[in-house]
Amino acid sequence: MKRSYENALKLLETRRRKARPTKLPVSITSQDIAPSGAPTVKGVSSLFGMKEWLQALGHSENDVDNLNIIHVSGTKGKGSTCAFTRSFLRTHGLRTGFPKRIGLYTSPDLQCIRERIQIDNQPISEDLFTRYFFEVWEALVSSDKGIETTTRQPRYLQILLLMAFHSFIKENVDAAIFETHHGGEYCATNVIRKPVVAGITSLGMDHVAQLGPTIDDVAWHKAGILKSGAPAFSVIQEDGPNEVLRKRAIEKSTELTFVAPSSTLPANKRVLSVPVQRLNCSLALQLSTRFLQIKDPERPLNDDDISKGIDSFSWTGRFETIENGNSQWFLDGAHNPLSLEQAAEWFSKNINGVNAPKYRVLIFSHFSEERDGVILMECLAHALSEHNAKPDHVIFTTYQEREDGSTRIDKTLKVPETPFPDMCAIYSSLWKKIHPNTEVSIEPTIEGAISLAEGLSIKHGGMQTFVTGSLHLVGGALNLLRP
């Protein structure tokens, strides 16, 4: 097969699994029991095989250790925290020369798959993606290597993670920031044995089938990234999760510090006007400061590094605003109850302060096997009402971007089992029950939803449109609003 970017994406797609495991392993030990008494392992752990696959690629444990890793888990704000951390380290590196090159691994992607593996503040190029994909594929999956007869093959996310390690090692990064996939203890990223520092963002009830059934169980999983000798930081959680994290830190023989929103961060309305972003920034500041105390003790992070780091911060699709004449677009890829409540509060603060109130539109889409979209939609409906930001018109749409059916080859999208039209009809009916006076429309594409909102803006002399519910939706909207 020709080594092309398109072929790399096609091969990668073949490694998707149809669903997350729900069955318990054959045997369960006392170590596999979470605080609620529920088993913690479902199916084969995503961590299983990672060490051996890295070795098959020619990378030792020391090679991974030498990446100088910051490891971040949590439910809400992982991506933003990682991006703030990168921003602080980058401004310090521009001033001092260390770290000169920074790798960032996050998921999911918003506009293209290469966003998941970034070096020097940019997604890796198509050429690098192609080269490193085929090096991984041919070493681990290709039949002429015979690997599949001796060990299990890596799946979709595991291949991407292996590519990140492979890329960062080959490209000689000085520091690497890794966001967990969705857990911690059994997450494939937990092959990292010696992070320099570790962080835990806000916890909530998400991926409950694998991490639940209680918030304490979620905390148990997320704290699995803590390692002996690696300082750890967590935002302040609820009492139960706080205690779980403390106990796990003792088990892991590490020091855990809880972080509150900093009152000394410089003023920046664009970046820090949202309380949750101030919290994420505060956690990232602690991670960056401690990282540099360990790796570059003679040159600590200074006030100028912090200020410039915040000024240059960006994280696409999170609390993002686009203005176009009388039309204002507010985009946030929130896709769990906690995130949607925070996004609704942010939208409210931004629209209720204007002198001339405008017509309000909501564009919503969510289709997932792991989350109940109805619960998310109802949560959003009530949150917008509570924050005095109830829309005048709601548009339910799908993940299909364009009306001509064209799609980008490097945008990942998992099609749900429940058809899009059926879910949109369910959402529409339920919204009318909650808010009977709201106009409700269904559009089969994101392009159609945006076009309808633009038409409403012309009709009403301006509009404020809130786009939320899914990263797939927000990514598609951004490609249309800001290609």
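E185 and K252 are both buried (under 20% relative accessible area; exposed is over 50%, partly exposed in between, with a 1.4 Å probe and protein chains only). E185 forms a salt bridge with K252, with the closest N and O atoms 3.4 Å apart (a salt bridge is a side-chain nitrogen of Lys or Arg within 4 Å of a carboxyl oxygen of Asp or Glu). E185 sits in the loop between β5 and β6 (197-200), K252 in the loop between α9 (239-251) and β8 (256-259), 67 residues apart. Helices (H or I, at least four residues) and strands (E, at least two) are DSSP runs, numbered from the N terminus.

This is a predicted model: local features need pLDDT of at least 70, side-chain atom pairs count only at pLDDT 80 or more, and totals for chains, interfaces and linings use all residues. Residues are numbered from 1 along each chain as its sequence is written, and side-chain values use heavy atoms, without hydrogens and water.

The whole structure holds 21 salt bridges. Three of them are tabulated here.

| Pair | N to O distance |
|---|---|
| E138 and R3 | 2.8 Å |
| E171 and R101 | 3.4 Å |
| E185 and K252 | 3.4 Å |

E138 and R3 meet through their side chains. E138 lies in helix α5 (residues 126-140) and R3 in the segment before α1 (5-13), so the pair ties together parts 135 residues apart in sequence. E138 is partly exposed at 29% relative accessibility. R3 is partly exposed at 44%.

E171 pairs with R101. E171 is in the loop between α6 (156-170) and β5 (175-179), R101 in the loop between α4 (78-96) and β2 (102-105), so this contact ties together parts 70 residues apart in sequence. E171 is buried at 17% relative accessibility; R101 is partly exposed at 25%.

Salt bridges also link K51, E61, D65 and R193 in a network.
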